[in-house]
Amino acid sequence: MSIAKAYAASSASSALAPMDINRREVGPHDVQIEILYSGICHSDIHQARNEWGNSIFPMVPGHEIVGRVTATGSHVKSFKVGELAGVGCLVDSCRTCSQCAAGDEQFCENGMVGTYNSVGKDGQPTYGGYSTSIVVDEKYTLHVPESLDLKGVAPLLCAGITTYSPLRHWKVGKGDKVAVVGLGGLGHMAVKLAAAMGAEVTVISTSDNKEADAKRLGAVNFVNSKKEESIQKVTGTFNFIINTVSAPNSYDMYLSLLRTNGTMVLVGAPPTPSAVTGFNLIMQRRSLAGSLIGGIRETQEMLDFCAEHNITSDVEIISMNQVNEAYERVLKSDVKYRFVIDMASLKS
Ligand code: NAP
Ligand code: ZN
Ligand code: ZN
């Protein structure tokens, strides 16, 4: 066992504060990673505040992790000490069910083990990336391309894969008109990835001040969802919408922007439901779907795609003790476009 420094929430109403945690001994199949950067996902906030009702405390959030390998178990074949490594939202699964066999470990029929807010196979709570080190089975550890700026790679491990996976599943590409709803961490990755896949991208946002960024990131069009006439102009025009909004929002309004046979995929996970009018789906044979992160194989594919297209996240680097302030700014949609914690700030 080793001790790692971390930041933890001790209850749904407490601010994150320093805490020492135990990391398991490096087993034969394990990789030990010194964490260099850790992204802040809105899911960290939902869970640290128990908004989804399934929180385990104390909680060390963080599932966008990049670092360097500091030790490997005797059976580890694919990682060497000193190499870069990444860890995303899951660190284990049953490995035998049909979903695991298909590489969709996120849908493991026996329950995946989340990087934090979960219980590992050893019966111990899992603690995430707001910490100085982590020990993970090599099967659930990602290879990080050396060519990319490491700070901007961390958010790919959740925001990147969560938007890449549905774009691939629904085969988005050239000739597709795609709308991205919400220009936050997930949204800005969706814009970059969909544009790199050849789609024509429109950003639908509540923040007028994000228009120039939307275009710089790869969108050709920007729509303010609060302006009726702007929404009218794009009604019935998209064949695919990826909805990344973290708060309850008008699914009906966004569904009306789809063409016949179009699909809106929800990746944003507001804690409370929003109404959907059946007729809105029926009349143009529209679909409403959801998507959860992505499996390990697809996460590696996404990282390799990003290396090929030189895609990283736009980040604001903070020190560990700024995390509570960063949470408040995320809640105000005031982040461009992902906070990433420099873990050196926790070591010193
Ligand atoms: P984020 O950075 O806070 O981005 C969310 C964006 O939604 C904001 O920047 C804002 O964009 C827009 N928004 C916020 N409140 C809104 C409101 N009341 N009405 C309309 N738009 C609003 O969050 P994130 O890290 O990208 O995460 C987004 C959501 O995805 C969260 O719920 C998170 O838990 C979830 N998530 C799901 C998965 C999955 O596997 N499905 C994985 C990761 C995260 P504008 O300023 O442009 O309007
Ligand atoms: Zn996340
Ligand atoms: Zn399984």
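Is isoleucine 282 buried or exposed? Isoleucine 282 is exposed, because its relative accessible area is 57%. Here buried means under 20%, exposed over 50%, and partly exposed in between (1.4 Å probe, protein chains only).

This is a predicted model: local features need pLDDT of at least 70, side-chain atom pairs count only at pLDDT 80 or more, and totals for chains, interfaces and linings use all residues. Residues are numbered from 1 along each chain as its sequence is written, and side-chain values use heavy atoms, without hydrogens and water.

**View 1. A nonpolar patch on the surface includes Ile282.** Phe279, Ile282 and Met283 form this patch. Together they have about 380 Å² of accessible area. Patch residues have over 30% relative accessible area and no salt bridge, and nonpolar side chains are joined within 5 Å. A salt bridge is a Lys or Arg side-chain nitrogen within 4 Å of an Asp or Glu carboxyl oxygen. Isoleucine 282 sits in helix H9 (residues 278-282). Helices are DSSP runs (H or I) of at least four residues.

**View 2. The largest cavity has a volume of about 60 Å³.** A cavity is a set of points on a 1 Å grid where a 1.4 Å probe fits but cannot get out. Lining residues have an atom within 4 Å of a point. Among them are Gly88, Cys89, Leu90 and Thr299. The lining divides into seven nonpolar, four polar and no charged residues.

**View 3. The second largest pocket holds about 540 Å³ of space.** Of its 21 lining residues, Arg24, Asp122, Gln124, Pro125 and Thr126 are the closest to its centre. A pocket is an open set with protein on both sides within 12 Å along at least five of seven lines.

Conventions. Chains are lettered from A and ligands numbered from 1 in the order in which they are written. Patches are made of residues with over 30% relative accessible area and no salt bridge: like charges are joined within 9 Å, nonpolar side chains (Val, Leu, Ile, Met, Phe, Trp, Tyr) within 5 Å. Accessible areas come from the Shrake-Rupley method with a 1.4 Å probe; for residues, only the protein chains shown count as cover. Helices (H or I, at least four residues) and strands (E, at least two) are DSSP runs, numbered from the N terminus. Grid points are joined across faces, edges and corners, and a volume is the space filled by probe spheres set on the points. Ala, Val, Leu, Ile, Met, Phe, Trp, Tyr, Cys and Pro count as nonpolar, Asp, Glu, Lys and Arg as charged, and the others, Gly among them, as polar.
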